[in-house]
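Please read the points below alongside the sequence and the model.

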Amino acid sequence: MSGLRNKTIFITGSSRGIGREIALRCARDGAKVVITGKTVEAHAKLPGTIHSVAAEVVQAGGQALAIQLDVRDEAALAAAVEQAAAHFGGIDVLVNNASAISLTPTLQTPAKRLD
C-alpha cells in the first residue's frame, strides 16, 4: 500500500486478526488509523484490544484513534464515524472488516441479517 500517508483509514473489527494487520500495514505508510471493535479490556484467551492496537499503530509510524464500536448498533456506528471525522478532519477509506455472526443456514437467514 502506498499513498496512504496522512490518509484517514476507518477499520471496523480491528482489535485483532485481519483488521489489526491491515491497521499496522496502513500505519507503516503513515496513515491515520481509526481502530474500532468491541474489545476494550484484555481477554484471557484472545489477545488484543482497541487500545493495544492503537498503541501498535503509533509505534509503527501512524496516528491512531481507538473507538469502542459494535457494528450492530446503527446509532453507535454513526457516532463513531462522526467522532473519527471530527478527530482527523474526515475519512478517506473504510475497511469494513467486522462481522456479526448469524449461525442460521443460508436459506433460513432473513434478509435483514444479510445487511
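**Notes on a pocket, a helix and the salt bridges**

1. The second largest pocket has a lining of five nonpolar, eight polar and four charged residues. The model is a predicted one. In total, 17 residues line this pocket, and G13, G37, K38, A98 and S99 are those nearest its centre. The space inside the second largest pocket comes to about 340 Å³.

2. Helix 2 spans residues 50-59, and its buried residues are I50, V53, A54 and V57. These residues lie on the same side of helix 2, because they cover an arc of only 105° around the axis. The partners against which the buried residues of helix 2 pack are helix 1 (17-28), strand 2 (32-37) and strand 3 (63-68). After helix 2 comes G61, which has a positive phi, near 110°.

3. Four salt bridges are present in the structure. One of them joins the side chains of R20 and E21, at 2.6 Å from N to O. Both are partly exposed: R20 has a relative accessible area of 23%, and E21 has 44%. A network of salt bridges links R20, E21 and E56.

4. R25 and D29 also form a salt bridge through their side chains, with an N to O distance of 3.1 Å. R25 is partly exposed at 27% relative accessible area, whereas D29 counts as buried, because its relative accessibility is 16%, under the 20% cut-off.

5. A further salt bridge connects the side chains of D70 and R72 (2.8 Å, N to O). Here D70 is partly exposed at 24% relative accessibility, while R72 is exposed at 56%.

Note on methods: Residues are numbered from 1 along each chain as its sequence is written. This is a predicted model: local features need pLDDT of at least 70, side-chain atom pairs count only at pLDDT 80 or more; totals for chains, interfaces and linings use all residues. Side-chain values use heavy atoms; hydrogens and water are left out. Buried means under 20% relative accessible area, exposed over 50%, partly exposed in between (1.4 Å probe, protein chains only). Helices (H or I, at least four residues) and strands (E, at least two) are DSSP runs, numbered from the N terminus. The arc is that of the directions from the helix axis to the C-beta atoms. Contact means heavy atoms within 4.5 Å. On a 1 Å grid over the protein atoms alone, a cavity is a set of points where a 1.4 Å probe fits but cannot get out, and a pocket is an open set with protein on both sides within 12 Å along at least five of seven lines; lining residues have an atom within 4 Å of a point. Grid points are joined across faces, edges and corners, and a volume is the space filled by probe spheres set on the points. Ala, Val, Leu, Ile, Met, Phe, Trp, Tyr, Cys and Pro count as nonpolar, Asp, Glu, Lys and Arg as charged, and the others, Gly among them, as polar.
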